Amino acid sequence: MPVSPPRPNGPPLNALRAFEAAARLGGFARAAEELCVTPGAVAQQVRIMEDWVGVALFERRSQGVKLTHVGESVVADFSNAFDCLGQAVQTLRTRAVPQEIRIAALPALAQFWLSPRLPELRKLMPDTSISITALEVPPNLKREPYDFSLFLRPEESGDTFRRICQARIFPVCAPAVAEKLEKPTDLQSVPCLQDAVWSSDWPCWLEETLGVGAFIARGPVHSLYGLAIQETLAGAGVLMGHEALVQSLLEVGSLVQPFEQIVALDEFLTLELSPSALGNAPREQFIEALLER
C-alpha cells in the first residue's frame, strides 16, 4: 500500500511579497505604497509569514519596524528571487508580444523630449506598438512591466544604461519678456517661474552665474513642468529651462534664451533597458533609432 503523506504548505505568495518589500524598503508604509495596499495589509501578511516560520522577522517599535537578525539574514535571497521571477515574467512577455514596447518616463521628458520623436519612430517601425507611462520615480525594470525607462540620473554604468546627454539649464522666456532683460540681475524685477520637482535649479544657476549670496529667485511654483512651460510661453515670467526639454521651442522662436550662461548639472538624461530588452531585435532597433534623434 503506497504511503502518500500530506506535503507541508509553504507561506502564501502575498506574505512573501510583503516581507520582501518591507525588508528591502525599510518599513510597512513604504512597502504598502509599492504594493498598492494599506500598511495594515502589509503588517498582516508579514505576521502570516512570521507565524509560518515560527520566529519574528521584524522588531516592532514606536518609531517603526526593524529587521531581526533572522529577517536580515534572508532578505537578499528573497530580493534576488523576486528579481529573477520578475525577469522571467518580462522575458515571457517580450517573447510573446515582441512588437509591443512599453516606456516609463519622467512626465516632462515624456512630453517634451520623447513624444516629439515618436512620429518618426513609428514611421520607421510601423508594426511596433509604442506606449508611454509617465512616472515621477524610475521603476524597477527587473520587476515592473516596462522595456525602458527615461529619467534624469547621476552617471550610471552597466549594460542596461544608455547615457543620452548631460543635463544643462539656463533661463528661458517669451520674446516679449526677453526685451526687458539685459543682465542676470534684471531677473529680480520679473517673476521667476519654478517647478516643484526641480526646485534647486534657480539657486544652482544663480550661484554659478552670480556667485554665492546672489538674490533669491521668486515667482509662482508649478507642480508640473509642462504647466510652467505653458505659463512661460504665455509671457508670465522666466523659467529655468532644461536644454533637452526646451530645445525645440528655442529652435522655432517660441522661447528665447536671454543670457548666455549655461550650467551643467551632475546628472544625465539616461535610457535604462530592462534585462529582457537586451538582444531583442525590435527593442534594439528602437534603441538605435531613438539615440540617433
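**Close-up views of a predicted model**

**Overview. Confidence of the predicted model.** In this predicted model, the mean pLDDT of the protein is 92, and 99% of the residues score at least 70. Among the elements, strand β9 (residues 238-242) has the highest mean pLDDT, 97, whereas helix α11 (residues 281-291) has the lowest, 87.

**View 1. The salt bridge between Arg283 and Asp147.** The closest N and O atoms of this pair are 2.8 Å apart. The pair links distant parts of the chain, with Arg283 in helix α11 and Asp147 in the loop between β4 (129-134) and β5 (148-153), 136 residues apart. Arg283 counts as buried because its relative accessible area is 0%; Asp147 is likewise buried, with a value of 0%.

**View 2. The salt bridge between Arg61 and Glu59.** The closest N and O atoms of these side chains lie 2.9 Å apart. Arg61 has a relative accessibility of 45% and therefore counts as partly exposed. Glu59 is also partly exposed, at 34%.

**View 3. The salt bridge between Glu100 and Arg102.** The two side chains meet with an N to O distance of 3.9 Å. Glu100 is partly exposed, with 32% relative accessibility, and Arg102 is partly exposed at 30%.

**View 4. A network of salt bridges.** Glu20, Arg24, Glu34, Asp83 and Arg143 are linked in this network. The structure as a whole holds 15 salt bridges.

**View 5. A nonpolar patch on the surface.** Trp52, Val53, Val55 and Val70 form the patch, which together has about 330 Å² of accessible area. Val70 belongs to helix α4 (residues 69-96). With a relative accessibility of 37%, Val70 counts as partly exposed.

Conventions
Residues numbered from 1 in each chain as written. Predicted model: local features only at pLDDT ≥ 70, side-chain atom pairs only at ≥ 80, totals over all residues. Heavy atoms only, no water. Patch = residues over 30% accessible without salt bridge, like charges linked within 9 Å, V, L, I, M, F, W, Y side chains within 5 Å. Areas by Shrake-Rupley, 256 points an atom, 1.4 Å probe, with all protein chains shown as cover. Salt bridge = Lys/Arg side-chain N within 4 Å of Asp/Glu carboxyl O. Helix = DSSP H or I, 4+ residues; strand = E, 2+ residues; numbered from the N terminus. Buried < 20%, exposed > 50% of the residue type's maximum accessible area, 1.4 Å probe, protein only. pLDDT = per-residue confidence, 0-100.
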